[in-house]
Amino acid sequence: MKILVIMWSMYIGGTTKSLIPFLKLLKRKGFDVELYLIDKGEESRKYVPEEIKLVDIPELDEIVCMPTDTVEKIKWMIQRHILHIALKQKLVTLFPKKDREEQRKAVMRLYQERDIATCINSKKKVDLSEKYDVVMSWGEFLPDYAVANNIICEKKYGWIHPDYATGGFDPKLDKKALAGLTGLVAVSKSGYYSMIQAFPEWKERIYAVPNVMDVNNLRALAKEQQTEIPYDNTFKIVTVARIHNISKAFDRAVRIAANLKKRGCKFCWYVVGDGEDKEFVNEQIVENQLQDNMKLLGAKNNPYPYMAAGDLFVLQSYYEGKPLVVDEALVVGTPVLVTNYVSAREQVAEEVGIVVDNHEDVITGALENIIKNPHKAEFWKKNLEMYDFGYLTECPAFFEMINQK
């Protein structure tokens, strides 16, 4: 069976990190797999595994790849009737709504509108039915809409990684835009039920396909040297995430750190990652005199030694789907504290971490309790030494899905 996977880019992030072991699993199972990237940049392409063939499809480029020349870009947006959407996106960025949740959902809807219009208004089709048995997109928005509307193939699947209900998607827009898919895929059971609730008429073609992970490779990477987190007695919190306040709540993290310091907690919170809000968060750290308690280390090609150096991995996002980074932290032996996103209790058993209500005072209280009673984290860490992660290495649900008639 020959499979084409369509992906926006391979820049390091949760979606990319979940795709790489999946591609390797398909190769190991004897599938002929090829990868198409919308982003043609060298930085994106360099992360493609050497055993995976990267393909160019010029006809698809015409649909999904925006020109770089300013004049051509404007013409391209006018032809697809998305110039006004792009202007609205700019205005929302410049004049954000006071309600953070309303702001996030407004941004999501504009992404949907823009990418749906990009694909449908191009009025082009790419026939891949002779070359591939399956075409699948590994990501919401543009890849999904292109596969659903612009590609001809017998079997077409689209992945949605965040939880559909809490992610801010508008099902009214997607009922038409995703109708051309053979199957719509969630990466968790909770995500699966969320999509069934949004699209009850598609119940028979919605699937739950969990992400896979190369456990042995992660553990080997975690043993590499890092020099920025000291191996001392200070309680070390680690977060690996994009620094994005609307989703990852780093503005809240700074307030939590400030309150922990006021309560006499001895700790340092290390953040691995970059993002559009990094400068703002850094300013807040300085303003709250937290330079000794919160450090932004930037993005790392190998974040796993930093995860492994922590006493506790924390992901206190406002919302999540099923974040791969939580499984990664557990695999490298670091217990976790996460907010109660929809799949949190699927990922975090009580013997290896804690799930807390998504409220600032609750998160602060839980962290204070763990920092002042470090034996709790030590107990979880000990349990992780014997934890069975075999469920992360295979993906039977995927093979059952694509083999259905």
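Analyst: The largest nonpolar core has 65 residues, and among them Trp269 and Leu367 touch the most other members. A nonpolar core here is a set of buried Ala, Val, Leu, Ile, Met, Phe, Trp, Tyr and Cys residues joined through side-chain atoms within 4.5 Å. Buried means under 20% relative accessible area, exposed over 50%, and partly exposed in between, with a 1.4 Å probe and protein chains only. H13 gives the most to this core, with seven residues.

This is a predicted model: local features need pLDDT of at least 70, side-chain atom pairs count only at pLDDT 80 or more, and totals for chains, interfaces and linings use all residues. Residues are numbered from 1 along each chain as its sequence is written, and side-chain values use heavy atoms, with hydrogens and water left out.

Now Leu367. Leaving aside neighbours within four places in sequence, Leu367 is in contact (heavy atoms within 4.5 Å) with Ile237, Ile256, Leu260, Trp269, Leu312, Val314 and Leu337. A second, separate core has 40 residues, including Leu60, Cys119, Ala148 and Leu181.

Back to H13. Helix H13 covers residues 250-262 and packs against helix H14, residues 278-287. Helices are DSSP runs (H or I, at least four residues), numbered from the N terminus. The angle is about 15°, and the axes are 10 Å apart. That makes H13 roughly parallel to H14; angles under 35 degrees count as roughly parallel, over 145 as roughly antiparallel, 65 to 115 as roughly perpendicular and the rest as oblique. Axes are lines fitted to C-alpha atoms, for helices over the stretch in contact, and angles run from 0 to 180 degrees between N-to-C directions. Phe250, Asp251 and Val254 in H13 meet Phe280, Val281, Gln284 and Ile285 in H14. By class, this contact of H13 with H14 has five nonpolar, one polar and one charged residues. Ala, Val, Leu, Ile, Met, Phe, Trp, Tyr, Cys and Pro count as nonpolar, Asp, Glu, Lys and Arg as charged, and the others, Gly among them, as polar.

Burial also marks helix H16, residues 324-331. Eight of its eight residues are buried, so H16 is largely enclosed by the rest of the structure. The buried residues include the charged pair Asp327 and Glu328, along with Leu324, Val325, Val326, Ala329, Leu330 and Val331. Gly333 follows H16, with a positive phi near 95°.

Note on methods: Helix = DSSP H or I, 4+ residues; strand = E, 2+ residues; numbered from the N terminus.
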